[in-house]
Each structure stands twice: as structure tokens, then as C-alpha cells.
Amino acid sequence: MRIAVLGAGSLGTIVGAYLASGGMDVELIDAYREHVDALNQSGAKVTGTTEFHAEVKAVTPENKSGKYDLVLLLTKQLYNDSVLAELLPFLNEDSVVCSLQNGIPEQKVASIVGEKRVIAGSVEFGATFIEPGVSALTTEYNQFKQYAFQIGELNGETTERIERIRSVLELVGGTHVSDNLVGTKWSKLLINNAFSGLSAALNGMYGDILDHETGIESAVHIADETIKVGHANGITFAKMGGFDVESLELNSESDIPERILTLRTTMEPSRLLRASMLQDLEKKRKTEIDYINGVVPAMAEGTGIPTPFNDLVVEQIQAAEQSGTVPDFDINIKAFKQLLNLK
């Protein structure tokens with residue numbers, strides 16, 4: 001099996017290192033030439049909660065060659081149109097593209113490479129890019145080895161190919177086959193919408209949202225909008241670590257205090273996190289907001305479901321992108337307070 005790790009950043013470097021060490025024929029593909037050069041010259045180095053090194057082969061996108069049997073897609077969704085169109089000549093008829101991106105990219109990926117080639121995937125570990133050739137594993141090592149990925153066929157079936165791909169990814173870390181991987185990705189989207197989106201829109205850590213009455217109540221409404229739109233699109237949300245994400249839906253305004261308590265309890269271990277989208281804004285890069293909070297209003301079209309809180313997150317982050325500035329918590333939180341007063 002010939003494998004491509006398409007987007008060999010913080011996560012892809014770790015994935016490629018373990019696959020190469022496991023004897024797989026794997027090529028790490030990334031546009032950052034200095035990173036590619038370092039990988040080829042010195043190998044992939046993993047630091048953080050473990051220390052690991054492996055010799056790898058890396059190329060820039062224009063130097064792809066041959067055919068790939070399995071592509072692990074780790075690029076940002078921003079670039080899917082061009083990245084996937086350029087990938088097509090390097091796929092066999094029965095090649096598999098495993099979408100490991102944030103958000104819900106599967107429909108878009110399938111529209112370009114063909115639905116039969118696509119399986120869904122979810123990365124369950126964290127990493128930080130340190131320098132060319134070096135990535136830090138930020139998830140506790142034993143947890144990583146027990147639970148690194150979830151993968152699944154789009155129709156939920158357990159097939160021979162999904163088991164074959166599971167055995168490959170087990171070389172990296174614990175890989176679990178789900179019969180509702182799309183539901184898992186929607187559950188992760190909900191958490192990203194409520195906390196990553198607000199973290200970027202308000203320029204704060206998750207804890208800043210948890211501790212602020214307007215922030216946490218806005219997170220409750222963002223979660224509720226995501227659930228209602230998901231249900232309208234036939235989604236059954238998967239549990240996350242035993243937590244029933246769908247229990248966050250609001251049946252009436254009187255449910256809000258209980259939902260606030262649930263979110264504060266559930267998200268407390270993540271209070272020090274800062275959104276990667278906020279880091280993008282700090283670096284004056286375009287974010288993936290259209291593929292995070294932007295998914296909800298896009299998929300609400302035709303359903304009659306209002307999505308004002310997700311809309312506001314998108315509006316504030318897009319404004320920051322256009323102005324090349326970082327949001328101000330005290331200024332942007334006022335817009336959410338005004339929105340709450342209208343309810």
C-alpha cells in the first residue's frame with residue numbers, strides 16, 4: 001500500500017513518522033519547503049509527551065508522483081478545491097481518501113474525488129508544530145496510543161477496506177471504527193463552534209468564555225443552533241467520551257441555566273485552550289471559519305432555522321481577517337450581549 005500524508009504539518013508529521021517507522025511506503029506532502037527539506041535531511045522528530053524519530057520521505061505538492069492507494073487528508077479545507085483537483089491524477093480507481101480535516105468536509109471531498117473513494121476520519125490527538133522537521137505531541141502518550149483516530153464509511157458499514165485502513169493507522173495510535181463517523185464529526189463541530197469560534201471571535205481562552213456570563217450563554221445558543229441544524233439535515237450526533245451532545249439542545253429558554261452548568265462542567269479541562277483560528281488571526285492568515293461556524297448557517301438554508309449566534313461569530317472573525325487585526329474581547333462581547341437581550 002502506497003500512502004500519502006497530504007498536509008504534513010503538526011499532525012501529519014507525527015502520522016508520517018509512525019507510519020514510516022512501521023514499514024509503510026509513505027510520502028509526506030507539504031507546501032512548506034523548509035519543512036520538507038528538514039524532513040528529508042534529518043527525519044521527522046516528535047517531541048512533547050514522547051520522544052520519537054523516524055526517517056521519512058517528503059515532497060512538495062508539485063513533486064507528487066505515481067499513484068497513492070491511501071491519502072490521509074490533513075490540509076486546511078480552505079484549499080480543498082485546488083489540493084484535491086491536483087490530487088486526482090495520482091489516484092487509482094480504488095484509491096481511498098480519508099478526510100481528517102476539521103469540520104464536515106466529506107461532501108466537498110466526495111464531489112471532487114468521487115464518493116466511493118471517500119471515508120471519514122477524526123483525529124483524536126493534539127500536536128503543535130515546533131520548527132521544520134519537528135512536531136510536539138500534546139496529548140498524553142498512553143491516551144494517544146489508545147485513542148488516536150476514529151474512522152468510518154460514510155454509510156456506517158463495516159467493510160473490508162475500513163478494517164484494512166484501521167490496521168494501517170494502528171501503527172500510529174489507537175484507531176476505532178465508528179458506524180456514525182459523520183455524527184462524531186458533527187459533535188466535534190459543535191464544540192468547535194461554541195468554543196473555538198468564540199475563542200477566536202473574542203480573543204480569549206476557553207476559560208474566558210466559561211467564566212463570562214454572556215460568553216457561556218452565547219456558547220449554549222451556538223450549540224443549540226448547531227444541534228437543530230444538524231437534526232434538520234438528518235444528523236444523529238455521536239456521544240463524546242460518553243457525553244450526550246444532543247442533551248445540550250434547548251427546548252425552552254428555561255433550559256439555559258442547566259445547559260450552562262453542563263457546558264462549564266464538560267469543558268473545564270479545556271479552559272487553557274486557545275483556538276487555532278485565533279492563532280491564524282494573530283499571524284494575519286485566513287481562518288477556516290467558513291468550515292467551522294459557517295457550516296451551520298450554510299446548512300440551515302431552506303430549513304427556516306435561525307442561526308444568529310453562529311452568524312455573529314462568522315461576522316466578527318471575517319471582520320478581523322479583512323482588517324488584519326485581532327479581536328478585542330471587551331468590544332466584541334457587547335454584540336453577543338445585545339443579541340441575548342433580543343431573545
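A salt bridge is a side-chain nitrogen of Lys or Arg within 4 Å of a carboxyl oxygen of Asp or Glu. Welcome to this predicted model, where a search of the whole structure turns up 19 such salt bridges.

**A salt bridge between two strands**
- Glu27 and Arg2 join their side chains in a salt bridge, at 3.4 Å from N to O.
- Glu27 sits in strand S2 (residues 25-29) and Arg2 in strand S1 (residues 2-6), so this pair ties together parts 25 residues apart in sequence.
- Glu27 counts as buried at 3% relative accessibility, and Arg2 counts as buried at 17%.
- Arg2, Glu27 and Lys57 belong to one network, joined by salt bridges that share partners.

- Lys116 pairs with Glu93, their closest N and O atoms being 3.5 Å apart.
- Lys116 lies in the loop between helix H4 (106-113) and strand S8 (118-123), and Glu93 in strand S7 (residues 91-99), so the pair links parts 23 residues apart in sequence.
- Lys116 is exposed at 57% relative accessibility, and Glu93 is exposed at 60%.
- Asp255 and Arg259 also form a salt bridge, at 3.6 Å from N to O; Asp255 is buried at 14% relative accessible area, and Arg259 is buried at 8%.

**Helices H9 and H14**
- The axes of H9 (residues 213-232) and H14 (residues 329-342) come within 10 Å and cross at roughly 60°, and the two helices are therefore oblique to each other.
- The crossing of H9 past H14 is left-handed.
- Among the residues that meet are Ser218 and His221 in H9, and Phe336 and Leu340 in H14.
- This contact has three nonpolar, four polar and two charged residues.

Technical notes: Residues are numbered from 1 along each chain as its sequence is written. This is a predicted model: local features need pLDDT of at least 70, side-chain atom pairs count only at pLDDT 80 or more; totals for chains, interfaces and linings use all residues. Side-chain values use heavy atoms; hydrogens and water are left out. Axes are lines fitted to C-alpha atoms, for helices over the stretch in contact, and angles run from 0 to 180 degrees between N-to-C directions. Helices (H or I, at least four residues) and strands (E, at least two) are DSSP runs, numbered from the N terminus. Angles under 35 degrees count as roughly parallel, over 145 as roughly antiparallel, 65 to 115 as roughly perpendicular and the rest as oblique. A crossing is left-handed if the near helix is turned anticlockwise from the far one by less than a right angle, and right-handed if clockwise. Contact means heavy atoms within 4.5 Å. Ala, Val, Leu, Ile, Met, Phe, Trp, Tyr, Cys and Pro count as nonpolar, Asp, Glu, Lys and Arg as charged, and the others, Gly among them, as polar. Buried means under 20% relative accessible area, exposed over 50%, partly exposed in between (1.4 Å probe, protein chains only).
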